[in-house]
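Me: I have a structure open and would like to go through it slowly. Could you help me with how the helices pack and what surrounds the ligand?
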Amino acid sequence: MRFDVVTLFPEMITAAASYGVTGRAIEREIVSLSVWNPRDYTHDKHKTVDDRPYGGGPGMVMKYQSLHDAVNDAKQAGSGTAKVVYLSPQGKPITQALLSEACDISQLILVAGRYEGVDERFVDRDCDDEWSVGDYVISGGELAALIVIDAVTRLLPGVLGHKESALQDSHMNGLLDYPHFTRPEQLETCSVPDVLLSGNHADIERWRMKQALGRTWQRRPDLLKNKNLSAEQEYLLTQFKSEVE
Ligand code: 9D3
């Protein structure tokens with residue numbers, strides 16, 4: 001899988017992606033990452049990438065031509081078909097399902113905007129899709145592009161170890177995680193739940209499922225609405241609810 005990011009701040013992308021899971025995937029050549037700066041595609045003395053909005057109003061808008069030329073170079077650097085995605089607050093909210101579909105694409109060109117955004121004709125003519133990372137304001141598309149790169153890379157075959165991969169498609173998928181504990185067993189008055197020290201793996205599994213269901217019900221009831229629970233899960237959730245005052 002090949003990622004190309006069009007950005008005025010290329011070091012932001014290469015620096016952050018060089019750590020952890022993404023850094024390792026790049027080193028092992030499971031993914032490649034290239035950055036393209038629209039400023040390198042300007043031709044005027046001041047390397048102008050932005051201009052004032054037609055119709056007036058505050059802020060500046062990224063100009064069409066340098067974005068277009070940067071995307072074209074990114075496409076030519078690839079070998080097959082590319083998908084061009086503009087990261088913006090107006091985009092469709094990214095979900096695990098949307099990112100799973102992106103795994104089948106051999107080249108993902110991510111365009112990060114700055115200022116008030118890009119000339120809309122770039123979105124219309126050059127982009128295949130427009131994605132958002134959620135309903136809050138960030139200062140530009142770079143952090144959003146990094147989220148996409150991280151989340152997609154984790155889904156690619158061979159990136160995660162066996163244990164993490166197994167965790168990824170566990171039976172608790174679609175639920176919030178259960179609570180985790182490690183040593184020490186006692187922190188002042190706060191102890192580890194007895195069941196986790198019991199060595200009874202069936203009891204531990206049931207307790208974790210109950211916690212995952214209960215926390216999802218408390219914190220993210222929207223996630224339970226689209227989920228079919230087994231009879232066992234319904235029983236565990238009822239038990240959890242009855243234990244809440
Ligand atoms: C305060 C400026 N806003 C006026 C209503 C518009 C605005 C312009 C540009 C808000 C944010 C941005 C920059 N954001 C992104 O480039 C961005 C983003 C986001 O802000 N939220 C969620 N997902 C994304 S993806 C890219």
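Me: Which way does α8 cross α10, right-handed or left-handed?
Reply: In this model, which is a predicted one, α8 passes α10 in a right-handed crossing.

Me: Which residues of the two helices make that contact?
Reply: From α8 the contact takes in Arg-206, Met-209, Lys-210, Gln-211, Leu-213, Gly-214, Arg-215, Trp-217 and Gln-218, and from α10 it takes in Glu-232, Gln-233, Leu-236, Leu-237, Gln-239, Phe-240, Lys-241 and Glu-243. Sorted by class, the contact of α8 with α10 has six nonpolar, five polar and six charged residues.

Me: And at what angle do the axes of α8 and α10 cross?
Reply: Two packed helices are described by the angle between their axes and the distance between the axes. For helix α8, residues 201-219, and helix α10, residues 231-243, the axes cross at roughly 65° and come within 9 Å. An angle from 65 to 115 degrees counts as roughly perpendicular, which means that α8 is roughly perpendicular to α10.

Me: OK, what about α1 and α6, how do their axes cross?
Reply: The axes of helix α1, residues 10-17, and helix α6, residues 142-155, come within 10 Å and cross at roughly 30°, and α1 passes α6 in a right-handed crossing. Met-12, Ile-13, Ala-16 and Ala-17 of α1 make the contact with Glu-142, Leu-143, Ala-145, Leu-146 and Ile-149 of α6.

Me: How many of those are nonpolar, polar or charged?
Reply: The contact of α1 with α6 has eight nonpolar residues, no polar ones and one charged.

Me: Switching to the ligand, how many residues surround it, and which are the closest?
Reply: There are 16 residues around the ligand, and the closest are Val-133, Gly-134, Tyr-136, Ile-138 and Gly-140.

Me: Last topic, the backbone: is the peptide bond from Arg-183 to Pro-184 cis or trans?
Reply: The bond from Arg-183 to Pro-184 is cis, with omega near 10°, and Pro-184 sits in the loop between α7 and β8. Most residues other than glycine have a negative phi, and most peptide bonds are trans.

Me: So what is phi of Glu-29, and where does Glu-29 lie?
Reply: Phi of Glu-29 is near 60°, a positive value in a residue other than glycine, and Glu-29 lies in the loop between α2 and β2.

Technical notes: Residues numbered from 1 in each chain as written. Predicted model: local features only at pLDDT ≥ 70, side-chain atom pairs only at ≥ 80, totals over all residues. Heavy atoms only, no water. Axes fitted to C-alpha atoms, helices over the stretch in contact; angles between N-to-C directions. Helix = DSSP H or I, 4+ residues; strand = E, 2+ residues; numbered from the N terminus. Parallel < 35°, antiparallel > 145°, perpendicular 65-115°, else oblique. Left-handed = near helix turned anticlockwise from the far one by under 90°. Contact = heavy atoms within 4.5 Å. Nonpolar A, V, L, I, M, F, W, Y, C, P; charged D, E, K, R; others polar. Near = heavy atom within 4 Å.
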